[in-house]
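Here are my notes for a colleague meeting this entry for the first time. Please read them with the model open.

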Amino acid sequence: MSHPNHTTVVGIQWGDEGKGKIIDLLASESDVVVRFQGGNNAGHTVVVGGKSFFLHLIPSGVLHANVKCLIANGVVIDPKICIDEIIQLKERGFLKKDENLLISQNAHVIMPYHRLIDVARESDAQKTKIGTTGRGIGPAYADKVARLGIRMADLLDRERLKRKLIPILEEKNFLLSHYFKKEPLSLDHLVEEYHGYGNRLNVYIGDTSSVLAQAISANKKILFEGAQGILLDIDHGTYPFVTSSNTVAGAVSSGAGVGPRYIGKILGVLKAYTTRVGTGPFPTELEDGIGDFLQKKGHEFGTTTGRRRRCGWLDLVGLKYAIQISGITALAVMKLDVLSGLDQIKICSAYRHRGKILDIYPSDSDVLQEAEPVYETLAGWKEDLSHVQTFEGLPLQAKKYIGTLEAMLGVSIEMISVGPSREQIIHSSPRVGS
Ligand code: IMP
């Protein structure tokens, strides 16, 4: 049985599902909100009182005065971005109490050479272009695993930081100058700059896993906030067109330092259609007027990079796989309002690959690239949904769309979002078992 006080929220497509809004809603009933993977490649947009907040690193729970936000060990942190977000939040009247934000001493730091290498690799015509966010995420995680990383605690001690950076920088500067033909970085400047960030963030750095253990013992309500989406998982996603962390719900355990039994209810968030930023296979992509309609009506531009998101129909093969890999127990469907106005809506129920029907998600990206979607077609609806407050209040065809998804996915849809603001959400009672 899942832990009754805890909820894990993960995206079950390629990110940008609208997790920020769901996390914001659930955070109002939580004591602690925890980020456990990813970095400032993520971008959550939350609309409060007509104002938009763009958060990349700090959990969106920070918009609630009594919520404690943890950035746990599994996250990679660009300290400058973190400081900028703290300043912006404080200027707008949030994060009044410093003790409401705690950053793991063990979280790895994104260093300038990580960003430089990320961008240089992406612009190398001979390498597979992933379309990364250019934030240094992949190189930072690579150094963590190679045991060459700088961790948040290292920023607090100038001598230790310097000692660790000397051999690392020797290697990185060799790579930067001889392979990528870039300027090498100065050790002294790096030590000064990053020790300075350590001083600024000192008050926030601590042992997030112990704080979490105490919160669990005290029966606090804990919300684990996933970033990106399951199809971008480094192991289970569409490799190599993925991000460099585990995005599945199981990553909570290693990324936050809690036992798997504390992951709690696992809520999967999906958009009523599909989007993807960056390169990689996308069988249901629409490169036509309907794709443009979804892109424009859904304002599908990345929060982090401003890139135009690729758009397409919902892909149930990918969703079923994501649900299975993460043990999703409930669903939230976002942006249902965007589909209003379409004559027909299609759902991909299987793929056709070299004459064969595939209903299991292929682990090979080349197969996925060649796969053609097999669609079920449903009638659309014309009504505007932005003021609908109950499931019963939805147009018949919208109810049918939701009902079809639930039946095909076998998991209950508990929330349906019909607009960006906190109020535009339909809570619907479970109709199918999970
Ligand atoms: P990286 O995480 O910057 O290394 O980028 C790797 C891939 O993940 C690229 O296709 C990015 O567009 C994608 N990606 C990373 N973060 C997000 C996100 O928050 N939303 C959607 N896509 C993302």
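1. Start with the domains. The assignment divides the protein into three stretches of interest: domain 1 covers 6-104 + 205-266, domain 2 covers 108-201, and domain 3 covers 271-426. Keep in mind that this is a predicted model.

2. Next, look at how domain 1 and domain 2 are placed. Their C-alpha centres are 24 Å apart. On the domain 1 side, 26 residues make contact, and they meet 21 residues of domain 2.

3. What area do domain 1 and domain 2 bury between them? The figure is about 1,900 Å². Carbon and sulfur atoms account for 69% of that buried area.

4. Polar links also cross this interface. Six residue pairs of domain 1 and domain 2 are in polar contact, with both residues at pLDDT 80 or more. The salt bridge count between the two domains is one.

5. A salt bridge to inspect joins Asp78 and Arg115. Their closest N and O atoms are 2.8 Å apart. A salt bridge requires a side-chain nitrogen of Lys or Arg within 4 Å of a carboxyl oxygen of Asp or Glu, so the Asp78 and Arg115 pair qualifies.

6. Now turn to the ligand. Which residues come nearest to the ligand? They are Asp16, Asn41, Thr133, Thr243 and Arg307, out of 15 residues around it. By type, the shell holds six nonpolar, seven polar and two charged residues.

7. One oxygen atom is 3.0 Å from a side-chain N or O atom of Arg307. Backbone atoms take part as well: Gly131 places a backbone N or O atom 3.3 Å from a ligand oxygen, and for Ile130 the distance from a polar backbone atom to a ligand oxygen is 3.4 Å.

8. Finally, consider how covered the ligand is. Alone, the ligand exposes 470 Å². The protein buries 97% of that area.

Notes: Residues numbered from 1 in each chain as written. Predicted model: local features only at pLDDT ≥ 70, side-chain atom pairs only at ≥ 80, totals over all residues. Heavy atoms only, no water. Near = heavy atom within 4 Å. Polar contact = N/O pair within 3.5 Å; in protein donor to acceptor, adjacent residues only side chain to side chain. Areas by Shrake-Rupley, 256 points an atom, 1.4 Å probe, with all protein chains shown as cover. Nonpolar A, V, L, I, M, F, W, Y, C, P; charged D, E, K, R; others polar. Domains from an automatic or database assignment. Contact = heavy atoms within 4.5 Å. Buried area = accessible area lost by both parts, 1.4 Å probe.
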